[in-house]
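Dear colleague,

I am handing over the structure that you will be working with, and below it I have set out what was found, going slowly enough that you can follow each point in the 3D view. Please keep the view open as you read.

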Amino acid sequence: MKKWITAILTLASINTFALTVDEIVEKANQVAYYAGEDGQADVKMVITDAGGGERVREFRILRKNTGEGTQKFYVYFTEPADVARQVFMVWKEVAQGKDDSRWLFLPALNLVKPIAPGDKRTSFVGSDFVYEDVSGRALWEDTHELTGETDTHYIVKNTPKNPDAVDFSEYTVSIDKETFLPVKAEYLDKNGKLYRRVEATKIETVQGFPTVIESKVSDLARGGHTVNTFNNIKYDTGLKEMIFTERFLRRPPREATR
Amino acid sequence: MKKLILAAILIASLSFAADIETSGFVDARYGIRTQSDPNSDQETLNELRLQLSSIWYHDLFTLTARSDFLVNGVANSHDRIDLETGEGPIDLRELNVLFTPVDWADVKIGRQILTWGTGDLLFINDLFSKDWKSFFAGRDEEYLKAPSDALFMSFFPSFATIDVAYMPRFDSDRFIDGERFSYWGGTGLTGTDLQTDKPNDWFNDDEIAVRVYRTFKGVEFAGYLYDGFWKTPQGFDPLSGQNTFPKLTVYGASARGALAGGIANLEAGYYDSRDDRNSTDPFIPDSQVRLLAGYEHELATDLTGSAQYYLEHTPDTDHNRHVMTVRLTQRLMNQNLTLGLFTYWSPSDQDGYLRPSAAYKLTDNWLLEARGNFFFGKNNSTFFGQFADNNNVALAVRYSF
């Protein structure tokens, strides 16, 4: 009996105090990208180039979790004027060997255009964010190593399994121990030099979910940065999966326009 | 001019009501031939355009109004409003209402832009009107699509999506007719106004277009039907001396999906030239089989390439017209500078068409743009060869709001 109690206590303590690195990144991934069954936010993106010039993008983003790691995203642009009412839609895949499906809707032509799966490390709408920052990077693409721990954070080093497919050699993520929200990621280039930083600069709890309400990407090599502010954040609004179809690309649903 | 201002104010004032999104742009554009043309003026474009667009999202419907107001230095019919051709001071792009009468259907009635099919600047089953004048003159690519006055219905049963477009009166393309651009007139290049006899009886000379599509394992399959007329005046009536739009029915299919990290597409159509099924009338185009295969892939970060092969096969004469296209798009400077090149080349006609472009977003509102349209061909009578005197460059500055 004593043995049993000891065994149970040991198991419990492993769970509470010594998460494996895979458990940490799995939890962090869930918290960062999968909160609730669905979510939405109004995003204001301010892009500042090295010379101080500013560009602004504004869009509503709708997300729905659709299965084992799969998600659907609907991004409805409102600013700048020349891209207003354009819609960008993603069906995200996480299984190895499966590509995301992506579409763009151009209202002036009433045209739904599939976009080649292509390079996820491409800039998202000209900002310092890349597509992968928006929808998340599949966990199997990197090996993860717990390299440090402070009172408040786990430090996880991630090394790509296929380094030729990406622009970095490794990146290190700080994960908040309490919320499991990743709060900082620093990327090293192929020569091991720090060139890119992604930070969660403001965090609030929304409907019980720890939520980044301001984030910043700095291009340390070229000197520009992009700040995202999230407003009007809602979870579990009961978004219907049918919104994420060609029908609603051509005819934006009220969930996107209101 | 007064009417123009009134109409502009009307659209603008709509935006003061609730739940209405308004946007638009002012676009100044100048185009000039890079060689002289004995049949046309040197200037191909000289226009100032205001576009106003309003959308009213109501619980029960969505109302869209989008119109261009032009001050135009080149068009012949400068003062007359002609909503069919879009020439004159007003080019109404959209005025339609969209509603959902039942869960499984959407209906859009009114003037609208209609697009489908898989080709990139090549069209087999998209027989909605095109504006070739705008395309050749270096206007924004969105102007290649001319508006249609249509009843558009979409049905969403579980097994597929069905789109039906009904145009109660035939909308032809805005084709090359000698205004701005010269063309092959049968014996030589000419700039004289093309005389046409266009079917224009409401509900008699109508068009219907149907598409049925569904996605299966990531590949979108579609079937198409069109019943109407050839969209450009390819027929000729020797009695009246006028060019005509003979009857046409098109049956087609397409498939499109991801392939090896890119997007591949296949499309086919049978053009049934109903006025001359036996190919006995030399003044009416013969029936044709048209095929298209394309592939698009990202070549490097912010550099996209695509290629297409297109075939027009005329069974009765066993004639083949082959066309190849290549598109390259490079985005630079945080995607604020876009360089593009689209190339048509026909090895069978020995002609082609180059469309280079450069667009720079000076700020979020200001855009500078340059476009080129260069035609070449061994003979003046071929599809692109006939436009050899129309090579032009266009420069534009646009303010979006």
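Before the first residue is discussed, one cut-off is needed: a residue is called buried if 20 or more other C-beta atoms lie within 10 Å of its own, exposed if 12 or fewer do, and partly exposed in between. Lys234(A) has 15 other C-beta atoms within 10 Å, and therefore it is partly exposed. Please bear in mind throughout that this is a predicted model.

As for the scores, the model has an ipTM of 0.90 and a pTM of 0.91, while chain B averages a pLDDT of 92, with 94% of its residues scoring at least 70. Where pLDDT is low, the predicted coordinates should not be read in detail.

Chain A as a whole

Chain A contains five helices and 13 strands, and its C-alpha trace spans about 75 × 45 × 35 Å along the principal axes. The radius of gyration of chain A is 20 Å, which agrees with the value near 18 Å that a compact globule of 258 residues would have. Of the 258 residues in chain A, 32% are buried. If you take the contacts in chain A between residues at least 6 apart in sequence, 40% of them join residues at least 24 apart.

On one pairing, E2(A) and E3(A) run antiparallel over eight bridges, and Asn65(A) has Gln71(A) as its bridge partner in E3(A). The hairpin of E2(A) and E3(A) has five residues between the strands, and within it Gly69(A) takes a positive phi near 90 degrees. E3(A) is also joined to E4(A), again antiparallel, by six bridges, and here the bridge partner of Gln71(A) in E4(A) is Lys92(A). As background, strands of a sheet pair through backbone hydrogen bonds, either parallel or antiparallel.

The largest nonpolar core has 22 residues, and those with the most contacts inside it are Tyr74(A), Val75(A), Tyr76(A), Val87(A), Met89(A) and Ile243(A). Two or more residues of this core come from each of strand E1 (38-48), E2, strand E3 (71-79), E4 and helix H4 (246-250) of chain A. Which residues does Ile243(A) touch, leaving out those up to four places away in sequence? They are Leu62(A), Tyr74(A), Phe248(A), Pro253(A) and Glu255(A).

The hairpin between E7(A) and E8(A) passes through three residues, and Glu149(A) has Tyr154(A) as its bridge partner in E8(A).

Lys234(A), with which we began, lies in strand E13 (residues 225-235) of chain A, and it touches Gly39(A) and Gln40(A) when residues up to four places away in sequence are not counted. From Lys234(A) to Asp82(A) there are 152 residues in sequence and 28 Å in space, C-alpha to C-alpha.

Lys98(A) sits in the loop between strand E4 (87-92) and strand E5 (101-106) of chain A, and it counts as partly exposed because it has 14 C-beta neighbours inside 10 Å. Its C-alpha atom is separated by 9.9 Å from that of Pro117(A), which is 19 residues apart from Lys98(A) along the chain.

Chain B and the contact

In chain B, three strands form an open sheet in the order E10-E14-E13, with mixed pairing. The edge strands of this sheet are strand E10 (196-197) and strand E13 (235-237) of chain B, each of which pairs on one side only. E10(B) pairs in the parallel sense with strand E14 (residues 242-244) of chain B over two bridges, and the bridge partner of Asp197(B) in E14(B) is Thr244(B).

How many residues does each chain bring to the contact? Chain A gives 26 residues and chain B gives 30 residues. On the side of chain A that touches chain B, at least two residues are supplied by each of strand E2 (54-65), strand E6 (111-115) and helix H5 (254-257). By class, that side of chain A has 10 nonpolar, seven polar and nine charged residues.

With best wishes

How values were computed:
Residues are numbered from 1 along each chain as its sequence is written. Chains are lettered from A and ligands numbered from 1 in the order in which they are written. This is a predicted model: local features need pLDDT of at least 70, side-chain atom pairs count only at pLDDT 80 or more; totals for chains, interfaces and linings use all residues. Two residues are in contact if their C-beta atoms, placed from the backbone, lie within 7 Å. Helices (H or I, at least four residues) and strands (E, at least two) are DSSP runs, numbered from the N terminus. Ala, Val, Leu, Ile, Met, Phe, Trp, Tyr, Cys and Pro count as nonpolar, Asp, Glu, Lys and Arg as charged, and the others, Gly among them, as polar. Two strands pair if DSSP finds at least two bridges between them. A nonpolar core is a set of buried Ala, Val, Leu, Ile, Met, Phe, Trp, Tyr and Cys residues joined through C-beta atoms within 7 Å. The radius of gyration is taken over C-alpha atoms; the globule rule is 2.2 Å times the number of residues to the power 0.38. pLDDT is the predictor's confidence in each residue, from 0 to 100.
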